[in-house]
Amino acid sequence: MVYDLNVKRPAWREEEEFVLFADAANAFVADNLVPNIEKYEKQGVVDRDIWLKAGEYGLLVPDCPEEYGGVGGDFRHDAILIDAIHGQGVDSWGAVLHNGIVAPYVTAFGTEEQKRAWMPKLISGEYVAAIAMTEPGAGSDLQGMKTTAIKQGNQYVINGSKTFITNGGTANFIILAAKTDPSEGAKGISLFAIETDGLEGFRRGRKLDKVGLKGQDTAELFFDDMKVPASALLGTEEGKGFYQLMDKLPQERLIIALQAMAMIENILGQTIDYVKERKAFGRRIMDFQNTRFKLAECKSQATMAKVFCDHCTDELVAGRLSAEMASMAKYMLSDLQCKIVDECVQLHGGYGYMNEYPVARAWRDARVQRIYGGTNEIMKLLIARGL
Ligand SMILES: Cc1cc2nc3c(=O)[nH]c(=O)nc-3n(C[C@H](O)[C@H](O)[C@H](O)COP(=O)(O)OP(=O)(O)OC[C@H]3O[C@@H](n4cnc5c(N)ncnc54)[C@H](O)[C@@H]3O)c2cc1C
C-alpha cells in the first residue's frame, strides 16, 4: 500500500484528463500485472500480450502527438504510469522505457515518414521498444563504443554487440547507437531504428541472470553483417547520435528518480503496516523509539524528495529541466531509495530477507538504480561541471 506523504501536489493532478488516466493505469496494473508478479519473476519476462492489451487501454506512448496516432499527452502521463507500476510494486514491465525513454527519440528526431511508420506500432504494442547503447567494453564511456554502421549503397551494414539491454529479449524495435565514423568519438555516433522481425544478422544472446528486476528480460544483442535500409538512420544526418542521446538522457534520469520515489512510497507503506502488526517484548515494533526515529527519518527524507520530484517533472514539461538537475534527481533519489528500503528490510527482521515479502524484492531491485541510466558517479561528474 502506497504511503501518502501528504505533500501538496501540482494542480494538474486534479484535472479530469489526468485523474481518468491515473484511474485507468492503476486499474490496468492492479488487474493484469500485480497478480502475475511471481509468474513473471519465474519466466524472466512479462507475457507478450500485456503490451497489446496496454495498447488497447491507451497506456502506450500517451505523449505521442495526435497526427502520429497518439492522444497528444505529455510527460505527466508517463509520471502517472510510473506511480501506477512502481507504486504497486511491479518491477517486471518495461513500459516506462518503451514510452518515456525510447519513443521520444522517434518523436523528437525522426523524419515525418519515420514517425508515421513507427509511432502507430509503438502505440498499439505491435512493437516493443528497447534502446541499445551499452557494450561489453563501453558503458559509462559511450564514446568508446565499437559497434559500427557502415553505409554501402542504400543500406547500412552493422557489426558489433550490445549488453544489458532492457526489453532485449522481446523488443522488435530497437534504437541502436553505432559508429558511422569509427575514427571519431562522439561525432562518429549515429542512432538507428532497427525493426528486428525477420532481420538477418540480428541475434539475441542469453537472457542475463540479474540480482533483481527478475521479471525484466535484460539481454545481450549481436549484429553480424546486419543490413538495414538507409532509412533506418534516425533523422537525416549521420553523426548526430551522441547529441541526440545527451538531449534525451535527462528525461531518462528523471524517470529513474520517479521510479525510486514510487518504490519508496510503496515500501514505506508496507513497512508502517508491518511494524504496527508485529510484536516483540509484548509491544508493537512500532512502539520502540528506534522504529519511530528510523521511520521519522525516512518520512522526512521522502517528503523532501517528493517535492523535488514534482518540481523536476514540471520543469521537464516546461522544457526547462537541465542535465544538471536531472542528474541530481537520479543520483539523490536512487541513493535514498537504497537507504530507505534497506532500513525497511531491517524493520521487518528476518521476514525482510524472505523473497515472499515485497520489501525483499524491493531491496534487490533498488540496487541497480544507482548503476543504470548513467552511474551515480557519472551524475556527480555532470553536476560538478556546473560548479
Ligand atoms: C539491469 C540493467 C539494465 C540496463 N538497461 C540498459 C538499456 O536498456 N540500454 C543500455 O544501453 N544500457 C543499459 N544498461 C547499462 C547501464 O547503463 C550501464 O551498466 C551503466 O551505464 C554503467 O556502465 P558499465 O556497466 O560499463 O560500468 P563502467 O562504465 O565500467 O563503470 C564501472 C565503475 O566505474 C565508475 N566510473 C566509470 N567512469 C568513471 C569516471 N569517469 N569517474 C568516476 N567513476 C567512473 C562507474 O561509476 C562504476 O562505478 C543496463 C544495466 C543494467 C544493470
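The lining of the second largest pocket has 11 nonpolar, 4 polar and 8 charged residues (Ala, Val, Leu, Ile, Met, Phe, Trp, Tyr, Cys and Pro count as nonpolar, Asp, Glu, Lys and Arg as charged, and the others, Gly among them, as polar). The model is predicted: local features need pLDDT of at least 70, side-chain atom pairs count only at pLDDT 80 or more, and totals for chains, interfaces and linings use all residues. Residues are numbered from 1 along each chain as its sequence is written, and side-chain values use heavy atoms, with hydrogens and water left out.

**Second largest pocket**
- A pocket is an open set of points on a 1 Å grid over the protein atoms alone, where a 1.4 Å probe fits, with protein on both sides within 12 Å along at least five of seven lines; lining residues have an atom within 4 Å of a point.
- Among the 23 lining residues, Arg9, Arg13, Asn26, Asp83 and Lys306 lie nearest the centre of the second largest pocket.

**Largest pocket**
- The largest pocket holds about 1,400 Å³ of space.
- Its lining comprises 50 residues, and Thr134, Ile371, Tyr372, Gly373 and Gly374 are the closest to its centre.
- By class, this lining of the largest pocket divides into 27 nonpolar, 15 polar and 8 charged residues.

**Cysteines**
- The model has 0 disulfides, a disulfide being a pair of cysteine sulfur atoms within 2.5 Å.
- The sulfur of Cys298 is 5.3 Å from its closest cysteine sulfur, in Cys344, which is too far for a bond.

Conventions
Grid points are joined across faces, edges and corners, and a volume is the space filled by probe spheres set on the points.
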